[in-house]
Amino acid sequence: MTSQQRPQSTPANGQAPRLRRSARTELWAVSTKDFLRLLRAALLGAGAELAALALMATAAWLLLRAAERPPLAALTLAIVAVRTLALLRGGLRYAERLAGHEVVLRWLGALRGRVYQALLPGSRYSGGDLVTRLVSDVDALQDAVLRWLLPVGVAAVVGLVAVGTTAVTSTPAALALAAGLVVAGGLLPWLVVRATGQAARESAPKRAELAERAVELVTGHRELVAAGAFGENRARAAGVVDDLARRERATSAKTALLTAAGVLVQLLTTIAVALLAHASVPWTAALALAAMTAFEVVLPLIGAARRVPEIRASAARVRAVLSEPARPEGTRTPREGHFRLRNAGLRYPGRAPALHAVDLDLPPGKRVGVLGSSGAGKTSLLNLLLGSETPTEGQVTLDGHPLAEYADLSRVISGAEADAHVFHTTVRENLLLAKPDASDEELKEACETAGFDLDLDRDTGPDGEALSGGQRQRLVLARAVLAAPEVLVLDEPVEGLDPAHGDAVLARVLAKAKGTVVLVTHRPEHLDGFDEVLTLEDGRVRPASAAGRRPGPP
Ligand SMILES: Nc1ncnc2c1ncn2[C@@H]1O[C@H](COP(=O)(O)OP(=O)(O)OP(=O)(O)O)[C@@H](O)[C@H]1O
């Protein structure tokens with residue numbers, strides 16, 4: 001991927017709009033080289049089809065001319081032509097497939113990389129969405145080029161040559177052929193696009209409902225069975241399937257009729273060319289068969305048109321991902337420093353503010369506790385500090401610079417987050433993420449601090465499912481202890497553990513923490529000795545929270 005295809009960073013030097021504009025103009029990143037390769041594939045395809053068409057015409061001419069018993073010398077050229085054209089047709093078809101797939105696979109490889117890069121930051125898409133956008137939508141674009149764009153180009157070239165050649169012998173026959181090809185290659189595919197597009201729009205809500213019901217039946221299977229509601233829910237999903245199948249059959253019937261109409265147009269046009277040619281019998285046969293063969297290139301467009309609405313939707317989704325402004329990547333190197341929230345707020349799209357006008361001073365070594373009822377905004381506050389959310393009002397800074405200006409902020413601030421991921425591997429590998437060069441002794445020490453007592457070789461299962469909730473929580477905590485960042489952030493780290501054990505674990509973790517600590521908890525007794533306690537209420541800091549003070553930062 002080149003830096004032109006995707007802006008690497010958007011520093012605060014006024015270049016951002018220029019980069020974004022350039023990214024927009026190069027949205028699909030089809031280079032002149034790609035375009036020329038595509039043209040080469042189209043020309044090879046057209047060459048193959050024209051060879052097939054000439055082969056058919058020459059063979060027809062040869063058969064009928066041979067019936068007139070001319071001297072063999074009069075047929076020699078045609079015999080050689082038939083053999084040559086047969087070889088040429090096969091060779092050119094192979095070359096066209098090679099050239100077409102080469103350009104498409106090269107282009108899609110690069111495009112897939114760009115979509116991947118655009119999807120990663122921000123995590124605005126769920127897992128299913130990611131897979132759809134990255135795999136199905138990009139694959140649909142492959143079909144757009146190979147099954148639609150290239151065949152349309154080939155059909156246009158073949159059609160023009162066939163009409164031009166017929167016009168040399170008979171203008172009326174050429175006009176009949178042109179009209180037939182326009183109907184079969186233009187009008188009928190357009191009607192198919194319209195019919196399938198309308199059907200897709202009408203069935204979209206039903207498809208969405210089916211996806212939702214299917215996910216609910218699978219993920220909520222146990223609960224539905226326990227409540228005796230599984231049968232009813234399955235019947236409702238089956239009803240949606242039947243409805244969709246009925247609509248699909250109706251659309252298929254329409255497109256089948258339009259495909260049959262294409263074959264009828266081919267037949268009528270071939271007859272018209274034969275009647276209007278006014279040439280010798282061998283020439284008339286040659287022109288009629290050439291006309292019939294020209295339709296063989298055009299008729300598949302009617303079937304291919306069925307996928308056009310789907311391809312359009314995929315292209316729109318990929319375009320939406322690629323045209324989203326790139327999240328600026330910071331360049332400053334973070335060091336232990338002074339974090340500060342100034343009038344900071346956070347509003348998730350379409351929601352009331354999760355945080356509003358929050359001030360917090362976090363010099364090195366300070367310990368801050370955050371209290372508040374569920375939904376008060378505690379995790380949102382941590383996300384602002386960690387730089388994983390950008391404030392929608394006010395500022396969050398480290399040594400006076402917005403966090404977005406820093407690269408790899410996790411080198412100074414990290415910890416045990418509420419939704420921390422446990423990877424499907426061993427306990428050891430999960431821990432080594434925090435400190436790749438840690439010895440087994442260090443790993444065991446961190447586990448001991450966090451009260452985690454499973455073997456280092458123990459498999460954690462997908463999403464850590466092979467561990468209990470409490471074990472997962474303590475593994476994440478051990479990882480945070482091992483990382484030993486300058487600023488340790490803990491989001492309700494012992495919430496699932498029994499209180500006595502949890503308190504002991506937390507006390508050990510806090511005793512190990514070497515610098516700043518921000519601890520979110522529901523239990524004020526966890527915050528004894530903290531320098532400041534913020535109590536959040538509906539996203540705002542409740543004034544003058546009581547908190548004990550410990551002797552002061554080291
Ligand atoms: N990704 C999100 N999208 C939309 N709204 C969100 C998102 N994350 C949190 N919220 C909303 O923001 C508000 C604050 O949520 P937050 O997770 O910060 O609360 P909390 O105090 O940590 O709660 P808890 O103690 O239950 O973990 C809530 O109303 C929540 O519904």
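Sorted by class, the shell around the ligand holds 3 nonpolar, 6 polar and 2 charged residues (nonpolar covers Ala, Val, Leu, Ile, Met, Phe, Trp, Tyr, Cys and Pro; charged covers Asp, Glu, Lys and Arg; the others, Gly among them, count as polar). The model is a predicted one, in which local features need pLDDT of at least 70 and side-chain atom pairs count only at pLDDT 80 or more, while totals for chains, interfaces and linings use all residues. Numbering starts from 1 along each chain, following the sequence as written.

The residues that make up this shell are Tyr348, Arg351, Ala354, Gly372, Ser374, Gly375, Ala376, Gly377, Lys378, Thr379 and Ser380; a residue is taken as near a molecule or strand if its C-beta atom, placed from the backbone, lies within 6 Å of it. Helix α11 gives the most to the shell, with 3 residues. Helices (H or I, at least four residues) and strands (E, at least two) are DSSP runs, numbered from the N terminus. Helix α11 spans residues 378-386 and is mostly covered, with 8 of its 9 residues buried. Buried here means 20 or more other C-beta atoms within 10 Å of the residue's own, against 12 or fewer for exposed and partly exposed in between, with C-beta atoms placed from the backbone. The buried set in α11 is Lys378, Ser380, Leu381, Leu382, Asn383, Leu384, Leu385 and Leu386.

What does α11 pack on? To start with the sheet itself, 4 strands line up as β2-β1-β4-β5 in an open, antiparallel arrangement, where two strands pair if DSSP finds at least two bridges between them. Its edges are β2 (355-362) and β5 (401-402), each pairing on one side only. α11 packs on this sheet and touches β1, β2 and β4 (393-398), its direction making about 125 degrees with that of β1. Contact means C-beta atoms, placed from the backbone, within 7 Å; axes are lines fitted to C-alpha atoms, for helices over the stretch in contact, and angles run from 0 to 180 degrees between N-to-C directions. Strand β1 (residues 339-346) is joined to β2 by 5 antiparallel bridges, with arginine 340 partnered by aspartate 361 and leucine 346 opposite leucine 355. β1 also pairs with β4 in the antiparallel sense over 5 bridges, and there arginine 342 has glutamine 395 as its bridge partner.

The other open sheet has 6 strands in the order β6-β7-β8-β3-β9-β10, with mixed pairing. β6 (413-416) and β10 (540-542) are its edge strands. β6 and β7 (residues 487-491) run parallel over 4 bridges, serine 414 being partnered by leucine 488. Helix α14 (residues 469-483) lies across both β6 and β7, at about 150 degrees to β6.

Elsewhere, the axes of α5 (residues 171-219) and α10 (residues 308-323) come within 8 Å and cross at roughly 60 degrees. That makes α5 oblique to α10 (under 35 degrees is roughly parallel, over 145 roughly antiparallel, 65 to 115 roughly perpendicular, the rest oblique). Val193, Thr196, Gly197 and Ala200 of α5 meet Val308, Pro309 and Glu310 of α10.

Finally, alanine 446 sits in helix α13 (residues 440-450). Alanine 446 is buried, as 25 other C-beta atoms lie within 10 Å. Neighbours within four places in sequence aside, alanine 446 contacts Leu431, Ala478, Val481 and Leu482.

Methods:
Contact = placed C-beta atoms within 7 Å.
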